Amino acid sequence: MQFAQPCVCYARAGKIRGRYWGHHDADRAGDVERLRAEMAGTFTRRHPDRARAFGILFPNRHLHRPQHLAQFAPLDLLNLSALMAAPRKQAQLERHITELLKCRRCPRMQSPPVSGGAITSDVIVIGQAPGPREPVLQRPFAHTAGKTLFRWLEEFCGMNEATVRSKIYFAAVCRCFPGKNSSGTDRVPAPDEIHNCSSWMNDEIRILRPRLIIPVGRLAIRQFIDCAKLEKVIGRKFRVERARHSFDVIPLPHPSGASPWHKIPPGRGLTERALRLIARHPAICELVK
Ligand code: SF4
């Protein structure tokens, strides 16, 4: 977003004020006011869309009133730029999910892919792969593992399931149900399927530029850091770069009932430590405000 014109105007106004007002020259101060009026009028005429956006976002500021042009400070420009980028990010994410839901790259996977929706957020939770219920209920972490995960987040971060789902983006290592293996448990995605699906995650990191990623379970954790033993990584925060973006990673163990790791020492204490780290993370604190 470029705002070259008001920056130039502001700089010019400041320069003139320094040169003339220092001499307490009333006539020239009047000249400055006239020049400001001209500059504000020029900006409003040339960029009616930006002037309108400014009025909506900062109703207490009045760009059309020339005496307030100097309030168009650099801080406001940064906020304005970030706020005006949000609809673009939302549109990109919606297009991304439309494409993701059409994906059929992996012949052994049971389509369709599962998505938690286009939630623009600074925080991403990454699961392993959906189970058999998620495609039917059309949301990730829809069954027993989800119950435990949302209970953890409510207990430590103060957000119930509905709030978490509306404020945090949900992704997964693989977005389709891999089917059952011969022993009747969910099949672990194969390396080629993980590779196929990784581009969706990279695109999400590029679009959202998250501050915090929470990988849930060993398979998800391994997409970001080495994880020979859960004891070495749970309860710690890591700085990771992926898709040309740096972010914090705080891993959680998988909350499914299949593994008791998070219920017995040392897993229980380490899981609580990880959840406290998540609750204190600035990106989570902003969601809870
Ligand atoms: S697992 Fe991922 S890459 Fe494979 S078909 Fe599903 S969405 Fe596409």
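This is a predicted model: local features need pLDDT of at least 70, side-chain atom pairs count only at pLDDT 80 or more; totals for chains, interfaces and linings use all residues.

Biologist: Okay, strands then. How many residues of S1 are buried?

Modeller: Five of its five residues are. Helices (H or I, at least four residues) and strands (E, at least two) are DSSP runs, numbered from the N terminus.

Biologist: And which residues sit on each side of S1?

Modeller: Val-123, Val-125 and Gly-127 are on one side, Ile-124 and Ile-126 are on the other, and all are buried, so both faces are covered. In a regular strand, side chains alternate between the two faces of the sheet.

Biologist: Which strands does S1 pair with?

Modeller: S1 pairs with S3 in the parallel sense over four bridges, and with S2 (residues 169-172), also parallel, over four bridges. Two strands pair if DSSP finds at least two bridges between them. Ile-126 has Pro-215 in S3 as its bridge partner, while Val-125 has Phe-170 in S2.

Biologist: What about S5?

Modeller: Strand S5 (residues 245-249) has four of its five residues buried. S3 (residues 212-215) pairs with S5 in the parallel sense over two bridges, and Leu-212 has Asp-248 as its partner there. S4 (residues 238-242) pairs with S5 in the antiparallel sense over five bridges, with Phe-238 opposite Val-249. S4 and S5 form a hairpin with two residues between them, and Ala-243 in the turn has a positive phi of about 55 degrees.

Biologist: Which other residues have a positive phi?

Modeller: Gln-138 is one of them, with phi near 60 degrees, and Phe-141 has a phi of about 50 degrees. Most residues other than glycine have a negative phi, and most peptide bonds are trans. Gln-138 lies in the loop between helix H5 (133-137) and helix H6 (144-157), and Phe-141 is in the loop between H5 and H6 too.

Biologist: Are those two buried or exposed?

Modeller: Gln-138 is exposed at 64% relative accessible area, whereas Phe-141 is buried at 10%.

Biologist: Where are the cis peptide bonds?

Modeller: One runs from Ser-111 to Pro-112, with omega near 5 degrees. Another runs from Pro-265 to Pro-266, with omega near 0 degrees. Pro-112 is in the loop between helix H4 (74-101) and S1, and Pro-266 is in the loop between S5 and helix H11 (267-280).

Biologist: New topic: how many disulfides are there?

Modeller: The structure holds zero disulfides, a disulfide being a pair of cysteine sulfur atoms within 2.5 Å. For Cys-285, the nearest cysteine sulfur belongs to Cys-157 and is 8.5 Å away. Cys-285 is partly exposed, with a relative accessible area of 35%.

Biologist: Last one: what surrounds the ligand?

Modeller: The residues around the ligand include Cys-103, Arg-104, Met-109, Asn-196 and Trp-200, where near means that a residue has a heavy atom within 4 Å of the molecule.

Terms used. Residues are numbered from 1 along each chain as its sequence is written. Side-chain values use heavy atoms; hydrogens and water are left out. Buried means under 20% relative accessible area, exposed over 50%, partly exposed in between (1.4 Å probe, protein chains only).
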